[in-house]
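Colleague: I would like to learn how to read a model of this kind, feature by feature. Could you take me through the general idea each time and then the case at hand?

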Amino acid sequence: MSIRKATAAAVILASTATPASSEVVGKVGVDWVGNDIVIEAMTDPEVKGITCHVTYFDRSIIDRLSKGNWFEDPSNNSIACRQTGPIEIGDIDLSDDGEEVFREGLSIIWKSLVVNRIYDKKNDTLIYLAHSRQVVEGSAKMAISTVPLFNQTVVWTSGKPN
């Protein structure tokens with residue numbers, strides 16, 4: 001893929017997602033050069049009552065100057081999702097690949113931390129998959145969290161899928 005096509009694809013991806021709201025709730029320093037692990041609380045725009053905590057690595061200016069690769073953070077991340085209130089599920093994508101609910105840039109154009117939500121109908125469970133998306137080369141680094149809906153009071157605004 002040419003750089004021009006890759007850049008165009010990144011711009012299109014950035015403009016099409018409806019991002020979840022998030023806020024930084026913690027920041028832990030991991031070394032003397034100022035690198036941090038950032039913790040964000042993310043709420044799903046179509047599923048009320050569930051909060052996901054997502055972590056990612058934030059490189060310091062000193063680290064960027066000393067090691068190069070100025071514009072990029074590592075793909076390492078983690079996610080944990082829990083019920084934090086009454087669950088109300090709106091119009092969610094029920095396909096096997098689900099839908100993107102969160103994106104955080106890990107570089108200016110090339111890499112993003114992405115969270116996808118997938119509904120496992122057979123097990124009545126919401127799955128949240130955190131992974132790194134790169135325009136040119138994908139990453140195998142991922143994390144997963146599940147929220148079982150079994151035996152929970154859940155409101156489906158469009159009716160529970162059969």
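**Reading a predicted model**

Modeller: Val54 is buried, since its relative accessible area is 1%, where buried means under 20% relative accessible area, exposed over 50% and partly exposed in between, with a 1.4 Å probe and protein chains only. The model is predicted, so local features need pLDDT of at least 70 and side-chain atom pairs count only at pLDDT 80 or more, while totals for chains, interfaces and linings use all residues. Residues are numbered from 1 along each chain as its sequence is written, and side-chain values use heavy atoms, with hydrogens and water left out.

Colleague: Which residues does Val54 touch, not counting residues up to four places away in sequence?

Modeller: A contact means heavy atoms within 4.5 Å. By that rule, and leaving out residues up to four places away in sequence, Val54 touches Val38, Ile39, Glu40, Ser78, Ile79, Leu113 and Val115. Val54 is found in strand S3, and its C-alpha atom is separated by 7.1 Å from that of Asn77, 23 residues apart along the chain.

Colleague: How many helices and strands are there in the chain?

Modeller: Helices (H or I, at least four residues) and strands (E, at least two) are DSSP runs, numbered from the N terminus. Here there are two helices and nine strands, and from the N terminus on they follow the order α-β-β-β-α-β-β-β-β-β-β.

Colleague: How should I read the pairing of strands in a sheet?

Modeller: Strands of a sheet pair through backbone hydrogen bonds, either parallel or antiparallel. Two strands count as a pair if DSSP finds at least two bridges between them. In this model, an open sheet of five strands has the order S1-S2-S3-S4-S9, with mixed pairing. S1 and strand S9 (154-156) stand at the edges with a single partner strand each, and therefore one side of each is left without a neighbour in the sheet.

Colleague: How many bridges join S1 to S2, and how many join S3 to S4?

Modeller: Strand S1 (residues 21-29) runs antiparallel to S2 and is joined to it by eight bridges, and Val24 has Glu40 in S2 as its bridge partner. The hairpin of S1 and S2 has six residues between the strands, and there Gly34 takes a positive phi near 100 degrees. S3 and S4 also run antiparallel, joined by nine bridges, with Ile89 in S4 as the bridge partner of Val47.

Colleague: Which residues have the most contacts inside the largest nonpolar core?

Modeller: A nonpolar core is a set of buried Ala, Val, Leu, Ile, Met, Phe, Trp, Tyr and Cys residues joined through side-chain atoms within 4.5 Å. The largest one here has 24 residues, and those with the most contacts inside it are Val47, Ile50, Ile79, Ile89, Val115, Leu126 and Tyr128. Elements that give two or more residues to this core include strand S3 (47-58), strand S4 (77-89) and strand S6 (111-120), and S3 supplies the largest share, five residues. Ile79 touches, among others, Cys52, Val54, Val115 and Tyr128, not counting residues up to four places away in sequence.

Colleague: What kind of aromatic pair do Tyr119 and Trp156 form?

Modeller: Rings of Phe, Tyr and Trp (its six-membered ring) pair if their centres lie within 6.5 Å; planes under 30 degrees apart count as stacked, over 60 as edge-to-face and the rest as tilted. The structure holds one aromatic pair: Tyr119 and Trp156 are edge-to-face, at 5.2 Å centre to centre and with 70 degrees between the planes. Because Tyr119 lies in strand S6 and Trp156 in strand S9, the pair ties together parts that are 37 residues apart in sequence. Tyr119 counts as buried at 7% relative accessibility, as does Trp156 at 13%.
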